[in-house]
Amino acid sequence: MDPEACLGLRPTHRGGDLWEANAGWWQDGFTDGADPEYEEQILPIVAAWLDGARAVLDIGCGEGQIARLAVAGGAERVVGADPTRAQVEVAEARGGGPRYLRAGAAALPFADASFDTAVACLVFEHIEDVEEAIGEVARVLEPGGRFLFLLNHPLLQTPGSGWIDDHVLDPPEQYWRIGPYLLEEHTLEEVEKDVLIPFIHRPLSRYVNALADAGLVIQRMVEPAPPPGFLAQAAEYGQAATIPRLLALLTVLAEAGLPARGGQ
Ligand SMILES: C[S@@+](CC[C@H](N)C(=O)[O-])C[C@H]1O[C@@H](n2cnc3c(N)ncnc32)[C@H](O)[C@@H]1O
């Protein structure tokens, strides 16, 4: 069998060519102190929630900054998985203790119950088969294991959202506009000149219901204000400092059986 299909690299990763071509954008701009949201917000939240983790799977690990954080925090076994070869190669070169392999989130090449902690940081907005991927998280976690789930805020950062200075109204008003929230939307965003990255917007209920169906119970939800370092370099965001960009969920796999399903 084609080894790439076997690891789920093809069906789960149709935007893969763009990630292969543009991995450098991520590797240069978002790690090693380059990005204030990671430095001031994401890494501290993840470090706190990783406390006491022994065996950690970092899903969509990119160049490995979360995996390295897990090792630095004392985890004994840390594995980073990402379908993008250009990410895994740089992660391996940056070292720091984790082991890496290529795999898509919807077909994780690990035994059932083989980790006590899984992390997916800003990954699911690039994954097509979300229910399968969350099902895989639950499968590879041991009962009582944790899943740290971080997303661009699915409600407040819906495509088309942004700060509006509306002078048509009398008197003028300023407000945060939200784009068409209930539509699942696949977009190609030009994140900088000639760098296209595929994103998928879906309503928050799609994620929460997939977690519930997989037996992953929400313990904590954090919607932090954008941190000072980000606001200092994003003038257009200055007046929207009460609008979170990040949603972080700490979930735990139910010890026995799945909770009853809701129906909708
Ligand atoms: C925004 S980066 C985040 C990287 C890392 N989690 C971090 O926080 O630094 C998104 C990553 O998701 C990966 N990715 C894309 N599709 C994926 C899939 N189907 N399964 C797992 N990872 C995927 C990309 O290759 C990329 O490395």
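How are helices α3 and α4 oriented to each other? The two helices pack at an angle of about 50 degrees, with their axes 10 Å apart, and α3 and α4 are therefore oblique to each other. Angles under 35 degrees count as roughly parallel, over 145 as roughly antiparallel, 65 to 115 as roughly perpendicular and the rest as oblique. The axes are lines fitted to C-alpha atoms, for helices over the stretch in contact, and the angles run from 0 to 180 degrees between N-to-C directions. Helices (H or I, at least four residues) and strands (E, at least two) are DSSP runs, numbered from the N terminus.

The structure is a predicted model, in which local features need pLDDT of at least 70 and side-chain atom pairs count only at pLDDT 80 or more, while totals for chains, interfaces and linings use all residues. Residues are numbered from 1 along each chain as its sequence is written, and side-chain values use heavy atoms, with hydrogens and water left out.

On the α3 side the contact (heavy atoms within 4.5 Å) is made by Tyr 38, Leu 43, Val 46 and Ala 47, and on the α4 side by Gln 65, Ile 66 and Leu 69. By class, this contact has six nonpolar residues, one polar and no charged, where Ala, Val, Leu, Ile, Met, Phe, Trp, Tyr, Cys and Pro count as nonpolar, Asp, Glu, Lys and Arg as charged, and the others, Gly among them, as polar. Within helix α4, which covers residues 65–72, Gln 65, Ile 66, Ala 67, Arg 68 and Ala 70 are buried; buried means under 20% relative accessible area, exposed over 50%, and partly exposed in between, with a 1.4 Å probe and protein chains only. After α4 comes Gly 74, with a positive phi near 110 degrees.

Helix α3 also holds Glu 37, which is buried, with a relative accessible area of 11%. The side chains of Glu 37 and Arg 245 are joined by a polar contact of 2.7 Å, that is, a pair of N or O atoms within 3.5 Å, of which, within protein, one must be able to donate a hydrogen and the other to accept it, with residues adjacent in sequence counted only if both atoms are side-chain atoms. Leaving aside residues up to four places away in sequence, Glu 37 touches Ile 42, Pro 227, Phe 230 and Arg 245.

Two other helix pairs can be followed in turn. Helix α2 (residues 16–29) packs with helix α5 (residues 85–94) at an angle of about 40 degrees, the axes lying 7 Å apart, and that makes α2 oblique to α5. Trp 19, Glu 20, Ala 23, Trp 26 and Gln 27 of α2 meet Arg 85, Ala 86, Gln 87, Val 90 and Arg 94 of α5, and the residues of this contact divide into five nonpolar, two polar and three charged. Helix α6 (residues 130–140) and helix α7 (residues 204–213) pack at an angle of about 40 degrees, with axes 9 Å apart, in a right-handed crossing. Here Val 130, Glu 131 and Ile 134 of α6 make contact with Arg 206, Tyr 207, Ala 210 and Leu 211 of α7, a set with five nonpolar, no polar and two charged residues.

Leu 211 is also among the residues that Thr 251 touches, along with Gly 145, Arg 146, Phe 147, Leu 216, Val 217, Ile 218 and Gln 219, not counting residues up to four places away in sequence. Thr 251 belongs to strand β11, residues 246–253, and counts as buried at 0% relative accessibility.

Between α2 and α3 (36–49) lies Asp 32, a residue other than glycine with a positive phi near 55 degrees, and at 67% relative accessibility Asp 32 counts as exposed. Asp 194, in the loop between β8 (185–192) and β9 (195–201), has a positive phi near 65 degrees and counts as exposed at 58% relative accessibility. In the loop between β6 (162–166) and β7 (173–177) is Pro 171, joined to Asp 170 by a cis peptide bond with omega about 0 degrees.

Key:
Left-handed = near helix turned anticlockwise from the far one by under 90°.
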